[in-house]
Amino acid sequence: MPSTTANLLPFGVGDTLNPILDDGSSQAISLQQPFKYFGSTYNHIFVNNNGHLTFTEPLYSYNPILKSDRDIIAPLWTDLDNRRGGSISYREDTSTAVLAQVTAAVKECFPNIPFAATSAFVATWDSVPYYNGGGVVTFQVVLAYSVHRSFILINYGDVAATTQSWLAGYHTVDSVNSYTIPVKSAPELSSSSNINVNGHWSFHVDVPTKFLAF
């Protein structure tokens with residue numbers, strides 16, 4: 001596997017490809033198991049080409065503003081253009097190997113929270129160019145969840161510098177739960193972490209922050 005993808009779960013085989021379209025999105029994706037996100041429960045998800053996931057409708061915006069009236073997960077929200085190369089793909093994975101891998105990753109970060117993943121939704125942006133040129137980005141977001149618990153794992157490969165506006169984080173429709181990854185440049189996403197493993201970020205997201213137990 002190329003070095004740019006060493007931080008990522010395997011992808012490609014069995015994945016569904018997003019349309020090759022500027023500011024495009026997937027169709028509504030039915031989840032085999034509902035995903036709990038800060039008190040809301042979702043049965044569908046959208047993978048949007050510009051680096052984010054939404055739950056109730058596609059989002060075509062390339063202008064990164066987390067203060068929007070929607071639940072959103074944005075591993076790297078910026079103007080991306082898969083017409084110029086790369087791929088955007090996704091799958092819901094219930095294989096024993098992947099569930100064991102994401103369960104281990106969650107337990108390493110949150111050892112005091114009982115958890116065994118029963119589903120993993122994996123979306124990967126592989127070598128997708130910025131709209132204005134100047135480089136490509138590789139990253140992946142994994143929703144690791146069970147009936148009662150939900151976690152976000154964000155994995156970054158190589159992320160080129162850009163003069164475009166960008167951000168990485170998540171937000172809820174009521175603006176109560178919101179987080180922006182605190183780095184000054186996009187390439188720093190690959191060398192920073194909240195779990196002491198460069199290029200990896202992990203978040204517990206099934207209930208509102210005020211109710212979370214760590």
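A residue is taken as buried when its relative accessible area is under 20%. In this predicted model, Trp 201 and Phe 203 are both buried.

A search of the whole structure finds 16 aromatic pairs. In one of them, the ring centres of Phe 35 and Phe 55 lie 6.0 Å apart with the planes at 10°, so the pair is classed as stacked. This pair joins distant parts of the chain, 20 residues apart: Phe 35 belongs to strand β2 (residues 29-37), and Phe 55 lies in the loop between β4 (52-54) and β5 (72-77). Phe 35 has a relative accessibility of 0% and therefore counts as buried; Phe 55, at 4%, is also buried. Trp 201 and Phe 203 form another stacked pair, with 6.4 Å from centre to centre and 15° between the planes.

The largest nonpolar core holds 40 residues, of which Tyr 37, Trp 125 and Leu 143 touch the most other members. The greatest contribution to this core comes from strand β8 (residues 136-145), with five residues. A second, separate core has 15 residues, among them Leu 9, Ile 113, Ala 117 and Ala 144. In soluble globular proteins, nonpolar side chains tend to be buried together.

How values were computed: Residues are numbered from 1 along each chain as its sequence is written. This is a predicted model: local features need pLDDT of at least 70, side-chain atom pairs count only at pLDDT 80 or more; totals for chains, interfaces and linings use all residues. Side-chain values use heavy atoms; hydrogens and water are left out. Rings of Phe, Tyr and Trp (its six-membered ring) pair if their centres lie within 6.5 Å; planes under 30 degrees apart count as stacked, over 60 as edge-to-face and the rest as tilted. Helices (H or I, at least four residues) and strands (E, at least two) are DSSP runs, numbered from the N terminus. Buried means under 20% relative accessible area, exposed over 50%, partly exposed in between (1.4 Å probe, protein chains only). A nonpolar core is a set of buried Ala, Val, Leu, Ile, Met, Phe, Trp, Tyr and Cys residues joined through side-chain atoms within 4.5 Å.
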